[in-house]
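Let's walk through this structure together, one piece at a time. Keep the model open beside the text as you read.

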Amino acid sequence: MVALTLVFVFSAFCLQLSLATSGFDHSYYQGAVNTSSYECLFSGGYRYAIMQAQTGHPPGTGHYNPYIGENYHNAVSAGIYPVDVYIFPDYGLDPAGQVNSTITSLFEDDVLYHDNMIWMDVEGTEYWIGTCDENIQFLHTVISTAEAMYSDCGLKYCIGIYSSASQWSPIMCDTTEFSSYPIWYAHYDNNPSFSDWKNFGGWTSPVMKQITGTTDLCGTQIDNDYRP
Ligand SMILES: *[C@@H]1O[C@H](CO)[C@@H](O)[C@H](O)[C@H]1NC(C)=O
Ligand SMILES: *[C@@H]1O[C@H](CO)[C@@H](O)[C@H](O)[C@H]1NC(C)=O
């Protein structure tokens, strides 16, 4: 009986450990998400999130996510912390202007300076419509604008990149110019581990992995993420 109890306590402890690294991201398309949904996610073991701050396609239509302020504060009040944000850069808009505008709105909504990072989403050859050299220059401007406005977040890194080898290669022609930024990669193998990682873009190790695509849960939709 004592042994069984110990096994139970030990398994609960392990479960807690594995749950402690569960996170999710969700996009503009989830709209307004209420605190009950985030409390449900918290009960399911989710402890951090990444929310879309700016849409980026089709090119020229990108805009701030008007739900992020409310969603951010609802998630934090449910115990989900930290909550990072991601920007889908819009190649059809001025790179500095769009990032400036989005980060200004994030400040107004009190979303930044809470132990959180800004991730730049690099995917979709149909959206990154420049040549590789142009796309590289565009991303440099996007990142330098973000750094000028948010380099003092108090973390080791304030800006990161979301991509994958299959996206980075055609859009950026395998440049290694951004490898000093942390990489969050996508591989929908539902495997919370980096064992599948393969080097690309000069990155030799990731910091986060998106392990599932859109999944219905708790009255909203999430992608599942893993970080150690
Ligand atoms: C952001 O925009 C404001 C207002 O137009 C401007 O004063 C500021 O210099 C811009 N910052 C960057 C980093 O582009
Ligand atoms: C929260 O949102 C979910 C999904 O839209 C909905 O089913 C639920 O009734 C809402 N709860 C509250 C308290 O508004």
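**A walk through the model**

I171 has its place in helix α6; helices here are DSSP runs of H or I with at least four residues, strands are runs of E with at least two, and both are numbered from the N terminus. At 1% relative accessibility, I171 counts as buried, where buried means under 20% relative accessible area, exposed means over 50%, and partly exposed is in between (1.4 Å probe, protein chains only). The C-alpha atoms of I171 and W128 are separated by 6.5 Å, although these residues are 43 apart along the chain.

Before going further, a word on conventions. This is a predicted model, in which local features need pLDDT of at least 70 and side-chain atom pairs count only at pLDDT 80 or more, while totals for chains, interfaces and linings use all residues. Residues are numbered from 1 along each chain as its sequence is written, chains are lettered from A and ligands numbered from 1 in the order in which they are written, and side-chain values use heavy atoms, with hydrogens and water left out.

Now step back to the whole chain. It holds six helices and nine strands. Its radius of gyration is 18 Å, close to the 17 Å that the globule rule gives for 228 residues, so the chain is as compact as a globular protein of that length; the radius is taken over C-alpha atoms, and the rule is 2.2 Å times the number of residues to the power 0.38. The C-alpha trace spans about 65 × 40 × 30 Å along its principal axes, and buried residues make up 49% of the 228 residues.

Next, the aromatic rings. A pair of aromatic rings is described by the distance of the centres and the angle of the planes. Across the whole structure, a search finds 20 aromatic pairs; rings of Phe, Tyr and Trp (its six-membered ring) pair if their centres lie within 6.5 Å, with planes under 30 degrees apart counted as stacked, over 60 as edge-to-face and the rest as tilted. W168 and W203 have ring centres 4.9 Å apart and planes at 70°, so this pair is edge-to-face. W168 lies in helix α6 (residues 165–172) and W203 in the loop between β6 (183–186) and β7 (208–210), so the pair ties together parts that are 35 residues apart in sequence.

Where does the charged end of R227 sit? It sits over the ring of Y48, 3.7 Å from its centre; this calls for CZ of Arg or NZ of Lys within 6 Å of the ring centre and within 35 degrees of the ring normal.

Finally, turn to the ligands. Around ligand 1 are N100, A148 and M149, each with a heavy atom within 4 Å. An oxygen atom of ligand 1 is 2.2 Å from an N or O atom in the side chain of N100. Taken alone, ligand 1 exposes 360 Å², and the protein buries 33% of that, with areas from the Shrake-Rupley method and a 1.4 Å probe. Around ligand 2 are N34, S36 and G219. An oxygen atom of ligand 2 is 2.4 Å from an N or O atom in the side chain of N34.

How values were computed. A polar contact is a pair of N or O atoms within 3.5 Å; within protein, one must be able to donate a hydrogen and the other to accept it, and residues adjacent in sequence count only if both atoms are side-chain atoms.
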